[in-house]
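Please keep the sequence and the structure in view while reading.

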Amino acid sequence: MIRHLSFLLACSLLWGCVEEDTPTGDDTRPYTSLSTYGFFTGPLADLNHAPGVVPFAPVSPLFSDDTGKDRFIVLPEGAQITFDAEDRWVFPDGAIVGKTFYYDLDANDPSAGRQILETRLFERIGGEWKAHVYVWNEDQTDAEYLIIGKSIPTTRVDRDGNTVELEYRVPNVNQCKSCHGQDGDIQLLGPRTRQLNSMLDVGNGPENQLTRMEAAGMFDASLPTLDSLPALTGYHDESLTVEQRARNYLEANCAHCHNPGGLASPSGLKLGINVDNPYDYGVCRTPVAAGSGSGGLFYDIVPGAPEESILVFRMNSLDPDVKMPELPTQTIDPLGLQLVTDWVASMPAQSCGTEP
Amino acid sequence: MIWGCAEEENGDNQLYPDCTTTIAPSGSIVDDQDNVQTALIGASEGDIICLAEGTFTFSDELSLDVDNVEIRGAGMELTILDFSQQERGANGIAVTSDGFTASKFSVRDTPGDGLRVTGATDVTFLELEVTWADGPKSSNGAYGLYPVQCTNVHIEGCKVSYASDAGVYVGQSTNILVKDNEVFGNVAGIEVENSSDAEVVGNNTHDNTGGILIFDLPGLPVQGGKRSKVHQNTIVNNNQSNFAPEGNIVGQVPAGTGILVLSSDLNEFHDNTISDNQSVGIAIISYFMLEQDFDPSSDPAYDPYPESNYTHDNTFSNNGNAPKGLALVIAASAQASKIEPMIWDGIVDTDKDNSDGSLNNCFKDNGDATWRNLDAGNNFENTSTDPAPYTCEGISLPNITP
C-alpha cells in the first residue's frame, strides 16, 4: 500500500503520467513546441500560414486588451465542417482552430515590429474541444506549451501616441472555460455564421469569408444564400446607429457568458443581440449578486442615465470584484465603454422606480 | 511541488493516508499560485488534493474543472488560504465540476466571493472557514460559500463571517442541507435564494444583520424557490448594522432581523430559538415591500407573494424592541415603537383562489410570541394583531439527504 502510494506521489510530479494528453515530447499532441504543428512557413514570427491553414476574422471581435490577433482553422484531409446558420458549426475530429495574440510595438508604425505573446489552440478530440496554450519566447522563434498561465511584461505605443505598459496575462487552461464554457461544454466564439458572414481581404481583395471557405471545400453541404443568413455588423462601423453598435459590442464581448447557458446564467442578465425584452438585457433590472459591483447604483440600465447604470459602472472598473468582464481583460475598452454609455444615454429617459 | 510535514505515525509524506498529493505552503505567492493551480488542473477524477498546515498566498483565482475531486486541508485553523493580495478573478476558488468536496481549510480576504461552485451536481463543504480580517466592511467580498445552480449541496460544520452579502449563500439550487454551521458578522448569515428542497438545521446564526433569509427573487433563470425546512437553529442578536454595498437587495434587510422570508412559498420554520433580534423575530413579506414600484409583468414567471409558509413551535424572546430601517417604518405604521416578533405583510394575490386557506401563512404554538398582519397592501389601515385567522397548520417537510 505504501509502495503504491509512493508511486502515485512520484508520478504526480512528472508530466508524463498525470494527464493522458500532457505533452511527452514532440511526437504526440499537444506538442511541446508550436512549430511542430507546421501551421506556419518561414520564420514562425512572420505568421505565414501554410497551405491548408485558413485565416478568418470575426467581424465583431473581442476587445482582449487591444491585442492584435491572427486566427486560423485547419481541417484534417478530407474532413469537413457541418454548417449551421444560427448555432454552432460542428467540426470534425482532428480539426484545430488557433488564435495568436500580439501587440504592435507602435500602433502607428507597422515597421516597428511586434511582440507576439501567445497562441491558443482548440483541438477537436472525440467530439469535444480541448484547449492548448502556447507562450512565445522572447526571441520570438517558437512558443512552448504551458498549462499554468504566465505574466508577460509589455510596452507599446498606442494609436494616440501614448506609451502603454501592461503586464499581459496568458490564461491557464482552466480559464478557457470561463469564456468558452456553454452548458458545461466548450464552444468556439469566433467561427460562427453571424461573425464570418462578412468581408475579409486575405490577399485577394475583400471576399465574404463564408463564400471563401465554401469554395475551399470546408463545408459538407452547400450554404444557403448569404442574405438569408444572420450577420453581425462590426461595432467599429460608424455608419450604424449607436444602438446597433452597442448591441453588437455586447454580443461579441459579453453574451458568451451572459446567456442562459453561459457562466453568467445565474445572473439572469442576457446580453445577446437577439434578446428582445429590455428587462432581460438590463433595463430597470435589479442585480441579484453584484456585491461591490453595484457601485452603489440600483439598476443595470437606467434609460437616459448612464451614470446611474451598473452596466456602465462595471465596464469602467478595474477592481477584480467589480470589473466586467470578470477575467479576460486587464484594461478598460474605451470604445466599448463609449458605445454602451452613448446607447444608454440615447434611451428615452425613464424612471426605474423609487430607490429604496 | 514541496511535500508538507505529515503526521509522524503513518510514516509517509502525505497529510492524510488517502491524499493523492500534499502541497505545503512555499512562502512565495508565485509558487503557491503555481503549485496549487497546477495540481487542480492536473488532477484526475477521484483525487484528494491535500493542503498542509500553514498559510498559502494567492494572486489569482484558483479554478477546478475535474469531477470528483476533494481539496482538503489540515483544519480550518491550520491551513489558511490568503487571498488578500489577489489581483485577478472575482472569486477565491471557482469550481465548475461535479462531485466536488472542500474541507478543513480557511479562505481569507478574497476581494470577491470566497468559494463559488457553479452548475454542479454533488457539492460538499465541510469544516471550512471563510472570513475577512477587517471585520464587517462593504469592501469585503459578497459571499463566503456560494454554490449556485447546483444539485445536492451539503454544507456542514463551517464557520463564515463578515461577508458583505451572505456568509452561506445557496442560489438557484435543489436538494440542499445546511447543517451545524456558525455564521456571524455577515449581512445575511445564511441565505437560500430561488432554491427548493433545502434543510437549514442546527446552525448558530448570531450577530449578522439578518440571521436567515429565504428569498425568491425575480429575473432569474430558476424561479419559484420553495420547501425550505428551517429548524433547530439558534438565531440570536442579529443586530449588526447593514454594511452591504448600496444597490444590493440585501442592503434593505433591517439590522435586527432574525428570519426574513421574501416571496417564497411552502417553507417550514420550527423549533428555532429566536431571541434578541431588535427589529423582528420572523418577517414574511412580499417583494412589494422591498420594491414598491415592482412591475410583475417584467417577469411573468415570478410570483412575488409568500404563501403557505408554516411557522410553529419556535421559542421567541426579546425581539423587535428597537426596530431599524424598514422595521421602523413598520412599527410607525402601527404607531408603536416596538413590533411583534412575528410579522406578515398581509399582501395577498387576489387573483388566486384561497377558499380552502391553503395559501395562508400559518403560525402555531410559538409560545406567547405575538403576531401582526401589517395589511401593507392597504396602507396599513387594517393592521391587526389577532392571530386567530392564521393560527393553522401548514406543511410538514422531510429532512434532506444531499
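Chain B has an average pLDDT of 94, and 97% of the residues score at least 70; pLDDT is the predictor's confidence in each residue, from 0 to 100. Over residues 1–11 of chain B, pLDDT stays under 50, and the model has 27 contacts beyond four places in sequence for them, a contact being heavy atoms within 4.5 Å. The model scores ipTM 0.86 and pTM 0.91.

This is a predicted model, in which local features need pLDDT of at least 70 and side-chain atom pairs count only at pLDDT 80 or more, while totals for chains, interfaces and linings use all residues. Residues are numbered from 1 along each chain as its sequence is written, chains are lettered from A and ligands numbered from 1 in the order in which they are written, and side-chain values use heavy atoms, without hydrogens and water.

Helices (H or I, at least four residues) and strands (E, at least two) are DSSP runs, numbered from the N terminus. In chain A, helix H5 (residues 242–253) has 12 residues and reaches 16 Å from its first C-alpha to its last. Because 9 of the 12 residues of H5(A) are buried, the helix is largely enclosed by the rest of the structure; buried means under 20% relative accessible area, exposed over 50%, and partly exposed in between (1.4 Å probe, protein chains only). Among the buried residues are Arg245(A), Tyr249(A) and Glu251(A). The elements that cover the buried residues of H5(A) include the following.

| Covering helix of chain A | Residues |
|---|---|
| H3 | 193–196 |
| H6 | 310–315 |
| H7 | 334–346 |

Chain A also has an open sheet of 6 strands in the order E3-E4-E5-E6-E7-E8, with antiparallel pairing; two strands pair if DSSP finds at least two bridges between them. Its edge strands are E3 (53–55) and E8 (143–145) of chain A.

Technical notes:
Expected span 1.5 Å × (residues − 1).
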